[in-house]
Amino acid sequence: MTERTVPSRVRPVPAASSDPRPGVAGVEPTELAGLLAEMGEPAFRARQVGDAVWRSEAPSWDAVTTLGLPLRAGLAERLRFDTVAETDLRLADDDATEKALHRLPDGRLVESVLMHYPARGERRERNTLCISSQAGCAVGCPFCATGELGFERDLDVAEIVDQVRHARRRLVSRGRHLTNLVFMGMGEPLLNLDAVIGAARVLTDADRFGLGARHLTISTSGVVPGIERLTALSPQWTLAVSLHAARDALRDLLVPLNRRWPVRAVVAAAAGYAAATGRRVSYEYVMIDGLNDTPADADALARLLAGSGSHVNCIPMNPVAHTPWQASTPERIDAFAGRLRAAGLGVTIRRNRGQEVGAACGQLAAEKSAEPAAVAVARRRERLVAASRAALAGERSQEPAPPGLPAGSQGPVIAQTAPRAAARPIARPDRRPAAGRQLPGLPQRRTR
Ligand code: SF4
């Protein structure tokens, strides 16, 4: 493939926020204590303010009645109590899935999804929140609505944490509490790692949000230097890697970061994280009919992860507009998972939640975007069909990796000027086009 799959949507650029106040959720306790001292308040006020932010369900400074009016007014002048305002809230799955579209101070939109899992047998009730780390995303995975939107900006610590505070308020009003948190919403968390680490520390600090560290998961599409940085911190957070393909040619298409950090480098870095932390890494695998769900794909994945002790989550692709692909059928997912299990891997088949409310990453924000012209959609589909054909033939992408990636360790990048033949991977047993059904617009594939 030679053409770049560019985002085909254009989001209206909101007016810049004129509000320079930082969000209180991102202010360190020592900074808060210093600010209160400057305001002439006694030392114990820091604890009172902390309780208002972390222990009460108050939505604004006005509602914090444990503080006097003058202090509330003084704090409101300096700090935002909340950096996000819910502009859209949708329920699905008999109210078990709740999608929130949050508007940030500058008008950017980000999403969070709250999923309720009732107690079953020995298993306790779970309430899992999926949050965003960036507005938009630079990685550009073509099956993802956020990837199609393109990158807008990083979120700061308070903007990340406030998504969680919003969800907690809604949960508490129903007599529930948050049990799990995953950074799997809009954005690539490891491309905004300072803020993500800052937010994770706030959220797992017993004196602030207080979530158990082992209940927090950070996902990545494969930013190797970011995984190495996390490894050096050796936290108890879970690492999830969005893999989606075990062969580089296919992963170059599905996860464009792979052009910079190939799949083996990503898995090696994740193994380093598991070794340093003792935490099992989970691999996410979006299942696309006829593209990455064949027996050969399952075998390649089993070989890649053999002996790693990791777990694979098979997730049917969410219906996303503007792609030529569709989700794998339940039968194909079962067969794929069975092959992985037979090879000794732990596997869970996930079901899609909240499809009727656009719960997949970026879908609500995409709804608010300008619909691309029909001609742009048709061109995008054509490009993806051509790229699929090349990937299934084992050809690695000639396109550059997404811009704006950090410096640091990297895998063997394909020279952009290299002839196509030189860019092909070293022959491996799994390089044969895999068996499977024909993709729309693709030639019939050879079977094993
Ligand atoms: S799947 Fe994740 S990394 Fe890929 S474009 Fe979407 S948000 Fe970004």
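This is a predicted model: local features need pLDDT of at least 70, side-chain atom pairs count only at pLDDT 80 or more; totals for chains, interfaces and linings use all residues.
Residues are numbered from 1 along each chain as its sequence is written.

The protein chain has 14 helices and 12 strands; helices (H or I, at least four residues) and strands (E, at least two) are DSSP runs, numbered from the N terminus. Of the 448 residues in the protein chain, 47% are buried. A residue is buried if 20 or more other C-beta atoms lie within 10 Å of its own, exposed if 12 or fewer, and partly exposed in between, with C-beta atoms placed from the backbone. Among contacts with a separation of 6 or more, 73% join residues 24 or more positions apart; two residues are in contact if their C-beta atoms, placed from the backbone, lie within 7 Å.

Two helix pairs can be taken next. Helix α7 (residues 224–233) packs against helix α9 (residues 263–277) at an angle of about 10°, and their axes are 9 Å apart. Axes are lines fitted to C-alpha atoms, for helices over the stretch in contact, and angles run from 0 to 180 degrees between N-to-C directions. The angle makes α7 roughly parallel to α9, a label for angles under 35 degrees, with over 145 counted as roughly antiparallel, 65 to 115 as roughly perpendicular and the rest as oblique. On the α7 side the contact consists of Val224, Ile227, Glu228, Leu230 and Thr231, which meet Ala265, Val266, Ala269, Ala270, Gly272, Tyr273 and Ala276 of α9. This contact of α7 with α9 has 9 nonpolar, 2 polar and 1 charged residues (Ala, Val, Leu, Ile, Met, Phe, Trp, Tyr, Cys and Pro count as nonpolar, Asp, Glu, Lys and Arg as charged, and the others, Gly among them, as polar).

Helix α10 (residues 295–305) and helix α11 (residues 330–342) pack at about 30°, with axes 9 Å apart. Their crossing is right-handed, that is, the near helix is turned clockwise from the far one by less than a right angle, anticlockwise being left-handed. Here Pro295, Ala298, Asp299, Leu301 and Ala302 in α10 meet Phe336, Arg339 and Leu340 in α11. The residues of this contact divide into 6 nonpolar, no polar and 2 charged.

Single residues come next. Glutamate 159 lies in helix α5 (residues 157–172) and counts as buried because 28 other C-beta atoms lie within 10 Å. Leaving out residues up to four places away in sequence, glutamate 159 touches Gly23, Thr83, Val84 and Leu104. The C-alpha atoms of glutamate 159 and threonine 83 are separated by 5.7 Å, although the two are 76 residues apart along the chain.

Arginine 72, in helix α3 (residues 69–78), is buried, with 20 other C-beta atoms within 10 Å. Beyond its neighbours within four places in sequence, arginine 72 is in contact with Trp61, Asp62, Val64 and Leu67.

Proline 402 sits in the loop between α13 (374–392) and α14 (420–423) and is buried, with 23 other C-beta atoms within 10 Å. Not counting residues up to four places away in sequence, proline 402 touches Ala138, Val139, Gly140, Pro256 and Leu257.
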